[in-house]
Amino acid sequence: MDFNVKKLASDAGVFFTRAVQYTEEKLGQAEKTELDAHLENLIARADCTKNWTEKIFRQTEVLLQPNPSARIEEFFYEKLDKKIPSRITNAELLGQYMQDAAKDFGPGSPYGSTLITVGEYQKRLGGSEREFLQTSAINFLTPLRNFLEGDWKTISRERRLLENRRLDLDVCKARLKKAKLAEAKAAAAPDFQETRPRNYVLSASASAAEHELRVAQTEFDRQAEVTRLLLEGISSTHVNHLRCLHEFVEAQAAYYAQCHRHMQDLQKELSSANGDTFPNAFAVNASTSGVSAGPSPLSTGTQPGPSSPSRPPNPPNALESNTLKIEEVKPPATGTRKAKVLYDYDAADTSELSLLADELITVYTVPGMDPDWLIGERGNQKGKVPVTYLELLS
């Protein structure tokens, strides 16, 4: 190993003089060379860019991978320069569980067949999520990481070098100032016995200090120019990040559009299923989740309180008597449920069933029936009843 003692001692001396200069500046005992306003603005802009880019990068990582353990695992794989193993998404895992459950429950049963259908769509949602994660990582996270781990490290290194050059420059200025003061003091109070040698030494010291100052000024100006060029490149970084942000938004929009399309297809497939394949209770739940006829959903009718909620208006009767003959309607083999009546209801015609508050009736739906209505049975009586007047029981 080439161990240069002189170079080590020289570097230690430079470090010490910089430390002394820095300390005296902080204590207000030494002058400090200020950077020009343009360079100061560029530095402030670069610091702002770095801080916000880092925050956006970290939060995007949390958005794409909420599991901190998984993020740490991916971090180590990246540092080891190894390929990150493919990880199943939560939606895909849920879909697999649903399909496995359907095998035990019986794929031919209404519940089992529905589990298979929903599980398949959950897997599709998971596939869309994986594609979104991969696209976002490549088009958005990678450019941000490259800036933080590449460009910013270069800028930081050059800024540290500029600060060292500034300290060296201020040290040379202080040395020249001391040499000038000593020379002026010697000229003001001459010693006739040692005048010539002392003045000669002081003059040579001042000349050396001036030479060192010129060299330090040149190195400082060169480093300031290099740093300025790097900092002006932040504008190009903003343009690049803007393009990446647009790509991230497009990927996000495509992902949510796919999810919406999958769920619409799932709803259509479940709604089109007949009573033997899918329980009629789905139609009941679908109507209660988005009732447009009454001012309050079913859940408001079950809220405890000192007084009963106001009676909702009667929903429009979409099926006329000549369309649906109540006496010919037969209850399905599966899908009937019990319901508690919330309010009194007077039948508008013979196709409807009058209700009394707090009584229990059996309800079910039939294909083609308006979702705001159900078929209700009380003993031998049967007729249409409005959904908003009922609390469905399990």
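K340 has E391 in β5 as its bridge partner. Strand β1 (residues 337-341) and β5 run antiparallel and are joined by three bridges; two strands count as paired if DSSP finds at least two bridges between them. Helices (H or I, at least four residues) and strands (E, at least two) are DSSP runs, numbered from the N terminus. The model is predicted: local features need pLDDT of at least 70 and side-chain atom pairs count only at pLDDT 80 or more, while totals for chains, interfaces and linings use all residues. Residues are numbered from 1 along each chain as its sequence is written, and side-chain values use heavy atoms, with hydrogens and water left out.

**Sheet**

- Five strands form an open sheet in the order β4-β3-β2-β1-β5, with antiparallel pairing.
- β4 (381-386) and β5 (390-392) stand at the edges with a single partner strand each, so one side of each has no neighbour in the sheet.
- On average, neighbouring strands of this sheet are turned by 40° against each other, direction ignored.

**Aromatic pairs**

- The structure holds eight aromatic pairs; rings of Phe, Tyr and Trp (its six-membered ring) pair if their centres lie within 6.5 Å, and planes under 30 degrees apart count as stacked, over 60 as edge-to-face and the rest as tilted.
- The ring centres of F132 and F248 are 6.2 Å apart with the planes at 35°, so this pair is tilted.
- F132 belongs to helix α5 (residues 110-188) and F248 to helix α7 (residues 234-271), so the pair ties together parts 116 residues apart in sequence.
- F132 is buried at a relative accessible area of 7%, and F248 is buried at 9%; buried means under 20% relative accessible area, exposed over 50%, and partly exposed in between (1.4 Å probe, protein chains only).
- Y343 and Y389 make an edge-to-face pair, 5.5 Å centre to centre with 85° between the planes.
- Y343 sits in the loop between β1 and β2 (360-364) and Y389 in the loop between β4 and β5, 46 residues apart.
- Y343 is buried at 8% relative accessibility, and Y389 is buried at 0%.
- One aromatic cluster is formed by F132, F140, F248, Y255 and Y256.

**Charges over rings**

- R124 lies over the face of Y121, at 4.5 Å from the ring centre; a charge sits over a ring if NZ of Lys or CZ of Arg is within 6 Å of the ring centre and within 35 degrees of the ring normal.
- K384 lies over the face of W373, at 5.9 Å from the ring centre.

**Helix α7**

- The buried residues of α7 include H241, C244, F248, Y255 and H262.

**Salt bridges**

- The whole structure contains 17 salt bridges, each being a side-chain nitrogen of Lys or Arg within 4 Å of a carboxyl oxygen of Asp or Glu.
- R58 bridges to E61, with the closest N and O atoms 3.6 Å apart; both lie in helix α2 (residues 37-64), three residues apart, about one turn of the helix.
- R58 is partly exposed at 44% relative accessible area, as is E61 at 21%.
- R165 bridges to D168, the closest N and O atoms being 4.0 Å apart.
- R165 is partly exposed at 21%, whereas D168 is buried at 18%.
- R175 bridges to E212 with the closest N and O atoms 3.4 Å apart; R175 lies in helix α5 and E212 in helix α6 (residues 195-232), so the pair ties together parts 37 residues apart in sequence.
- Salt bridges with shared partners join R18, R165, D168 and E219 into one network.

Methods: Axes are lines fitted to C-alpha atoms, for helices over the stretch in contact, and angles run from 0 to 180 degrees between N-to-C directions.
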